[in-house]
Amino acid sequence: MTTHALLLLPGDGIGVETIAEVERVIAFFNARSNTARFEIDRDLVGGAAYDAHGVAITDAAMAKAERAGAVIFGSVGGPKWAGVPYQHRPEAGLLRLRKDLGLFANLRPAICYPALADASSLKRELVEGLDLMIVRELTGGVYFGEPKEIVTLENGEKRAVDTQIYSTHEIERIAKVAFDLARKRGGKVHSAEKHNVMRTGVLWKEVVTAVHAAYAPDVQLEHILADNCAMQLIRNPKQFDVIVTDNLFGDVLSDEAAMMTGSLGMLPSASLGSVDPETGRRKALYEPVHGSAPDIAGKGLANPIATIASFGMALRYSFDMGAEADLVDQAIARVLDKGLRTSDIMQDGMTKVGTSGMGQAIETELKALAA
Ligand code: NAD
């Protein structure tokens with residue numbers, strides 16, 4: 001029996017409610033399998049950690065995250081903590097996790113379940129069955145490059161500077177993540193940059209081309225200018241399988257792709273670090289894209305699908321349990337096909353359920369699929 005260690009960090013607001021539904025799914029897999037089981041640890045993060053310990057995440061919780069096979073994160077933040085010192089604001093907990101675990105690759109799938117195609121901002125035929133993955137570089141580029149400053153010039157005018165920096169190794173490792181993913185999916189990678197106007201784009205293209213030749217000649221590679229990529233995502237999103245891009249373009253393109261799937265409550269994500277040479281596994285954190293939704297927190301209204309699908313990504317990418325991940329995806333699709341909807345994705349003629357109603361329905365479908 002293999003034991004996988006999971007650290008659950010529900011955080012604040014609806015994170016607490018959606019992680020409770022993930023626990024239901026974990027319990028299902030623990031009851032079913034005699035080859036693998038999940039050992040759960042829990043801790044505080046965000047405002048909840050600040051209230052208990054005066055920091056957004058404790059060293060002890062960080063140590064648990066370092067040891068865990070995967071961290072499943074809910075959400076942090078809320079008006080209650082608007083006045084806490086900047087370094088202890090709830091988001092600082094998530095930023096520390098990303099930094100200390102070295103999570104350089106952000107995976108944002110855009111999947112459009114057929115049952116929700118009409119909720120997309122694009123026409124049904126463009127998005128129905130859409131399944132693409134944006135791989136965004138998360139720890140480099142213009143958000144971190146120095147100098148980063150606003151200076152006052154001699155004439156009294158101000159000048160702001162952000163610096164876009166990428167080194168070979170940063171591009172190599174993110175390209176490898178994209179190629180590895182494409183191998184498990186549709187076998188195609190689009191690399192998006194702006195080599196026509198940016199030196200970092202020139203290097204990005206050069207390095208991705210070299211990694212492709214040496215590491216993944218079996219995968220189809222296409223280079224695309226980031227602005228054209230934005231356009232093509234709206235024109236014909238189903239042409240894409242995996243898109244790999246830098247931090248800034250990835251930030252924009254992944255939000256653009258997200259709009260095709262209907263609701264924030266449907267969007268999972270993963271952040272991956274380097275492969276540990278001793279254990280062969282990557283540090284990894286899985287979280288819904290949405291925040292703590294203070295407007296609906298504590299009311300049992302939150303859609304738990306984004307968080308459950310994030311756990312599904314953990315099954316696939318941290319534990320190599322692809323069949324189980326497929327089961328989670330199928331259970332979600334079936335529940336939607338049957339017309340169950342939380343309020344964020346509610347449509348005429350459908351049946352409204354709350355957070356635990358949706359979690360229970362997914363559990364029921366998992367049991368039916370596994371029977
Ligand atoms: P949000 O994602 O929390 O909510 C935006 C809107 O979408 C709200 O109306 C909310 O009710 C709705 N929504 C979000 N998730 C939903 C779900 N699962 N089911 C149903 N409806 C859902 O973003 P916000 O309102 O800008 O931010 C609220 C707080 O969350 C802030 O403190 C912000 O800093 C924080 N935040 C945290 C994270 C994170 O933890 N990773 C991400 C974004 C925002």
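The crossing of helices H11 and H12 is right-handed; a crossing takes this name if the near helix is turned clockwise from the far one by less than a right angle, and is left-handed if the turn is anticlockwise. The model is a predicted one, in which local features need pLDDT of at least 70 and side-chain atom pairs count only at pLDDT 80 or more, while totals for chains, interfaces and linings use all residues. Residues are numbered from 1 along each chain as its sequence is written, and side-chain values use heavy atoms, with hydrogens and water left out.

Two packed helices are described by the angle between their axes and the distance between the axes. Helix H11 spans residues 322–337 and helix H12 residues 355–370; their axes are 8 Å apart and the packing angle is about 120°. H11 and H12 are therefore oblique to each other, given that angles under 35 degrees count as roughly parallel, over 145 as roughly antiparallel, 65 to 115 as roughly perpendicular and the rest as oblique. Helices (H or I, at least four residues) and strands (E, at least two) are DSSP runs, numbered from the N terminus.

The loop between H10 and H11 contains Asp320. Asp320 has a positive phi, near 55°, and is a residue other than glycine. With a relative accessible area of 64%, Asp320 is exposed; this class means over 50%, buried means under 20%, and partly exposed lies in between (1.4 Å probe, protein chains only). A positive phi, of about 40°, is also found at Ala293, which is not a glycine. Ala293 lies in the loop between strand S12 (282–288) and helix H10 (305–317).

A nonpolar surface patch of about 350 Å² is formed by Tyr143, Phe144, Leu248 and Val252. Patches are made of residues with over 30% relative accessible area and no salt bridge, nonpolar side chains (Val, Leu, Ile, Met, Phe, Trp, Tyr) being joined within 5 Å and like charges within 9 Å. A salt bridge is a side-chain nitrogen of Lys or Arg within 4 Å of a carboxyl oxygen of Asp or Glu. Phe144 sits in the loop between strand S5 (131–137) and strand S6 (145–152), and counts as partly exposed at 49% relative accessibility.

Strand S6 includes Pro147, and the peptide bond from Glu146 to Pro147 is cis, with omega near 0°. The loop between S6 and strand S7 (158–163) holds Glu157, which is partly exposed at 48% relative accessibility. Glu157 and Ala20 are 53 Å apart in space, C-alpha to C-alpha, and 137 residues apart in sequence.

Terms used: Areas by Shrake-Rupley, 256 points an atom, 1.4 Å probe, with all protein chains shown as cover. Axes fitted to C-alpha atoms, helices over the stretch in contact; angles between N-to-C directions.
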